[in-house]
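Here's a short tour for anyone opening this structure without having seen it before. Take a look at the picture, then read on.

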Amino acid sequence: MNLYQFMLQNHTEVLELTLEHLWLVGISTILAVLIGIPLGILITRYPALNKPVLGGANIIQTIPSLALFGFLLPAPWIGERADRIAILALALYALLPMIRNTYVGIKGVDRAVIEAGRGMGLTDRQLLFQVELPLALGVIIAGVRVATVISVGLATIAAAIGAGGLGEYIFRGLAMVNNQVILAGAIPAAVMALLADLSLGWLEKRLSPN
Amino acid sequence: MTDAPDSRPAIEFRNVSYRLHGNGDAARVLLHDLNLEVRRGETLVLLGRSGSGKTTTLKLINRLLTPSKGELRVDSRPIHEWDVIRLRRMIGYVIQDVGLFPHFTVERNIGLVPKIEKWPTPRISKRVGELLQLVGLDPEIASRYPRELSGGQRQRVGVARALAADPPILLMDEPFGALDPITRAELQREFLNLQKRLRKTVVFVTHDLREALLLGTRIALMEAGRMIAVQTPEQFLASAEPLPCAYRDAFE
């Protein structure tokens, strides 16, 4: 049985696992955006928080993913379901690019523009929402893009703790020593990563000033 | 505003010092005991070499910096009593790098403060048109983005933006410093004409003696964070003091 036949025969399962995968990546990315971007903004306002926040996000990145899944197992509420663990872990991994790109994007705005804005009497909030964020948006989206693409790959490992997703096929294929089954998981995941990269890349370009 | 408001200075520095925070060598004193009065409607030029404290002095006025010592009054009111946003909106600010918002059209750049102040849209458009004409630009330029303008056009838009909400005070930090000599001369002439009509209180920073003599009602000469002298251009030219002489020699 070749790959094409396998996927045709199991198309409902392939679809199901793909949707599960999308769910894991989507929810975790949204979570990371909601936490990471405000944190990135925060450390532009309070430089003293810069090192602890970026340092913390950096340390999370160094934890091997399987170990992080394991660490979250005893967590209350989260630990009760494998998909919650996976989503939280993926969100934690995505934090660093979100925080760093938000920070770098805002700090990269031309100083003359900021000074002119402050000098003409914009409040900090006006400066942030009318000037800094719009000008940093391209860099921020680039962070979301990197995080999403990494997440698509990382989410395959979530199957190891029973969170589902396309990793199911990869682990099953490994156990069966069957390359077709591995590819049935790996190829849709790769396509998903590619599509995420292309669409967010397009968005990044559109939202970058100039 | 009691009687004879025009006799009172628009801006007053009394023994103002400014030092960078920090210990030892890091705690540098940038301004020593500055005393200065800027009169209403005059163009006071702060002249001095790089690092003499001109820009620091300017930024104290719109509170981008806070004095370490001494008292600074704007409109006879101590600067710390002002709401900083109110203060800045009555002070136009023009800098050498212009700092136009690259993601806004010329119209939105100029109309930003009026918009924040909740002017009705038709009034903003009308004001933008007036201002573009005032600074010698074709009103058709309103829909363009800053990157589509020449350096001279950009600085004109910068001046228009600073004038948008009709502030009584204008701070200009080497506004023409980055322009080619011909464009600079053009903008200097236009500034003189503009100032004849508008009679704003202007504090103008430059290191160019010719510009100072041309534009200044009075020239405040600064050196190493100290105010050396405040003179009219005629007095400056006639002065036998060593520093004015050095400037005259340098620009012979």
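Keep in mind that what you're looking at is a predicted model. Let's start with the sheet in chain B. It is an open sheet built from 4 strands, laid out in the order 2-1-4-5, and the pairing is antiparallel. Strand 2 (29-38) and strand 5 (77-78) of chain B sit at the edges. Each of these two has a single partner strand, so one side of each has no neighbour in the sheet.

Strand 5 of chain B pairs with strand 4 (residues 69-74) of chain B, in the antiparallel sense, over 2 bridges. Which residue does Val74(B) stand opposite in strand 5 of chain B? That would be Arg77(B).

Next, the place where the two chains touch. Chain B brings 16 residues to this contact and chain A brings 15 residues. On the chain B side, three elements each supply at least two residues: helix 2 (84-89), strand 6 (91-95) and helix 3 (106-116). Helix 2 of chain B gives the largest share of that side, with 3 residues. Sorted by class, the side of chain B that touches chain A comes out as 9 nonpolar, 3 polar and 4 charged residues.

Over in chain A, there's a helix pair to look at. The axes of helix 4 (residues 65-72) and helix 5 (residues 82-107) of chain A come within 9 Å and cross at roughly 125 degrees. Because of that angle, helix 4 of chain A counts as oblique to helix 5 of chain A. The crossing of helix 4 of chain A past helix 5 of chain A is right-handed. Here's who makes the contact:

| Helix of chain A | Residues in the contact |
|---|---|
| Helix 4 | Ser65(A), Leu68(A), Phe69(A), Leu72(A) |
| Helix 5 | Ile85(A), Ala86(A), Leu88(A), Ala89(A), Leu92(A) |

By class, the residues of this helix 4 to helix 5 contact in chain A split into 8 nonpolar, 1 polar and no charged.

One last stop, back in chain B: Asp97(B), which lies in the loop between strand 6 and helix 3 of chain B.

Definitions and conventions
Residues are numbered from 1 along each chain as its sequence is written. Chains are lettered from A and ligands numbered from 1 in the order in which they are written. This is a predicted model: local features need pLDDT of at least 70, side-chain atom pairs count only at pLDDT 80 or more; totals for chains, interfaces and linings use all residues. Two residues are in contact if their C-beta atoms, placed from the backbone, lie within 7 Å. Ala, Val, Leu, Ile, Met, Phe, Trp, Tyr, Cys and Pro count as nonpolar, Asp, Glu, Lys and Arg as charged, and the others, Gly among them, as polar. Two strands pair if DSSP finds at least two bridges between them. Axes are lines fitted to C-alpha atoms, for helices over the stretch in contact, and angles run from 0 to 180 degrees between N-to-C directions. Angles under 35 degrees count as roughly parallel, over 145 as roughly antiparallel, 65 to 115 as roughly perpendicular and the rest as oblique. A crossing is left-handed if the near helix is turned anticlockwise from the far one by less than a right angle, and right-handed if clockwise.
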